[in-house]
Amino acid sequence: VGDGVLRLDASGVVQYASPNAVSALRRLGVNATVPGHSLTELLAGADAVRIGACWAGIEAVRAAALEG
């Protein structure tokens with residue numbers, strides 16, 4: 001899965017989800033329709049181990065960007 005885009009409103013409800021974002025969420029175990037649900041609600045039912053692995057990757061990229 002490549003990069004995905006989620007656009008949230010001020011309360012955290014997904015207003016738009018690109019196809020790659022939906023695919024990535026499916027891999028985390030999210031089976032609900034993404035737009036119209038809060039991101040917190042969507043991730044509550046997701047696979048915690050997979051989310052942890054994804055978050056670790058995000059943090060690694062972020063740290064590398066801050067160093068570079």
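1. Ser 18 sits in the loop that links strand β2 to helix α1 (19-27), where helices are DSSP runs of H or I with at least four residues and strands are DSSP runs of E with at least two, both numbered from the N terminus. Ser 18 counts as buried because its relative accessibility is 10%; buried means under 20% relative accessible area, exposed means over 50%, and partly exposed lies in between, with a 1.4 Å probe and protein chains only. Not counting residues up to four places away in sequence, Ser 18 touches Gly 4 and Val 5, a contact being heavy atoms within 4.5 Å.

2. A word on the basis of these values: this is a predicted model, in which local features need pLDDT of at least 70 and side-chain atom pairs count only at pLDDT 80 or more, while totals for chains, interfaces and linings use all residues. Residues are numbered from 1 along each chain as its sequence is written, and side-chain values use heavy atoms, with hydrogens and water left out.

3. The protein has 3 helices and 2 strands, and from the N terminus on these elements follow the order β-β-α-α-α. Strand β1 (residues 6-8) and strand β2 (residues 14-17) run antiparallel and are joined by 3 bridges, where two strands pair if DSSP finds at least two bridges between them. Arg 7 has Tyr 16 as its bridge partner in β2. The two strands form a hairpin with 5 residues between them, and in its turn Gly 12 has a positive phi of about 90°.

4. Which residues make up the largest nonpolar core? This core has 8 residues, namely Val 14, Ala 17, Leu 25, Leu 28, Val 30, Val 34, Leu 42 and Ala 46, and a nonpolar core is a set of buried Ala, Val, Leu, Ile, Met, Phe, Trp, Tyr and Cys residues joined through side-chain atoms within 4.5 Å. Leaving aside neighbours within four places in sequence, Val 34 is in contact with residues including Val 14, Ala 17, Leu 25 and Leu 42.

5. Leu 39 belongs to helix α2 (residues 39-44), and it counts as partly exposed because its relative accessibility is 22%. Apart from neighbours within four places in sequence, Leu 39 is in contact with Leu 6, Leu 8, Gly 12 and Val 14. From Ser 18, Leu 39 is 21 residues away in sequence and 14 Å away in space, C-alpha to C-alpha.

6. For the protein as a whole, 18% of the 68 residues count as buried, and the C-alpha atoms fill a box of roughly 35 × 25 × 20 Å, taken along the principal axes.
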